[in-house]
Amino acid sequence: MTATSTRHAVYVGSFDPPTLGHLDIIRRGARLFDKLTVGIGINPDKKPLFDPQERLELVSKIAADLPNVEVACFEGLTVNFATSLGASVLLRGVRTVSDIEMEFTMALTNHVLASTIETVFLMASEKYSHISSTLIKQIASLGRDQAEKNLKDFVPKAVIKPLMSKVRQRTR
Ligand code: ADP
């Protein structure tokens, strides 16, 4: 395959923290595209649990076995991030019908902003479709003694310890 026909996709999100659902999309995306860049969004309006560098380290760790996956932080519009990398695809995961509504609007807007970039949707795997970073933060902070055990079904193993220590710091 020549360099010009390389299929490069970006998969952006907050990943605060990265979940088994995110990792599933990353793995499937890595099989579909020659190169996949995971973009950790820096949004000054949001107060994330993990700072961007910590999220970058967590995603890098859980995707370390995927040679065609890179991870980077970015600020600003997703289409500008994709364009700066020479990527032509925005990869998104959809879990629910309500996700689709929002994603549809976002995809149309991004297409107006950058018509050469296409959005590709992957349906969430059935076993991960209920997982969200918000829910995971609640399990970690409200689950008490059971939290670590419960988190195994929601986040990659490497995320559990950093997540629990972050939550403990916050509640101190
Ligand atoms: P944000 O909601 O801030 O955009 P997220 O990190 O929550 O960022 O999600 C990034 C992308 O991953 C979105 O396309 C979202 O729909 C998708 N996603 C989130 N959780 C799952 C999941 N459990 N299964 C499949 N896709 C998911």
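Biologist: How do the residues of the lining of the largest pocket divide into nonpolar, polar and charged?

Modeller: In this predicted model, the lining divides into 20 nonpolar, 18 polar and ten charged residues. Gly counts as polar and Lys and Arg as charged.

Biologist: Which residues of that lining are the closest to the centre of the pocket?

Modeller: Of the 48 lining residues, Val12, Gly13, Ser14, Lys46 and Arg92 are the closest to the centre. The pocket has a volume of about 1,200 Å³. Helix 4 (97-113) gives the largest share of the lining, nine residues.

Biologist: Why is Gly39 called buried?

Modeller: Buried means under 20% relative accessible area. Gly39 has 0% relative accessibility, so Gly39 counts as buried. Gly39 is found in strand 2 (residues 35-42).

Biologist: Which residues is Gly39 in contact with, leaving aside its neighbours within four places in sequence?

Modeller: Gly39 is in contact with Tyr11, Val12, Gly13, Phe15, Ala72, Phe74 and Phe81. A contact requires heavy atoms within 4.5 Å.

Biologist: What makes a set of residues a nonpolar core?

Modeller: The residues must be buried, of the listed nonpolar kinds, and joined through side-chain atoms within 4.5 Å. The largest such core here has 20 residues, and Ile136, Leu151, Val155 and Leu163 have the most contacts inside it. Helix 7 gives the largest share of this core, five residues. Apart from this core lies another, of 19 residues, including Ile25 and Phe33.

Biologist: Which residues is Val155 in contact with, beyond its neighbours within four places in sequence?

Modeller: Val155 is in contact with Pro18, Thr19, Leu20, Ile136 and Ile160.

Note on methods: Residues are numbered from 1 along each chain as its sequence is written. This is a predicted model: local features need pLDDT of at least 70, side-chain atom pairs count only at pLDDT 80 or more; totals for chains, interfaces and linings use all residues. Side-chain values use heavy atoms; hydrogens and water are left out. Buried means under 20% relative accessible area, exposed over 50%, partly exposed in between (1.4 Å probe, protein chains only). Helices (H or I, at least four residues) and strands (E, at least two) are DSSP runs, numbered from the N terminus. On a 1 Å grid over the protein atoms alone, a cavity is a set of points where a 1.4 Å probe fits but cannot get out, and a pocket is an open set with protein on both sides within 12 Å along at least five of seven lines; lining residues have an atom within 4 Å of a point. Grid points are joined across faces, edges and corners, and a volume is the space filled by probe spheres set on the points.
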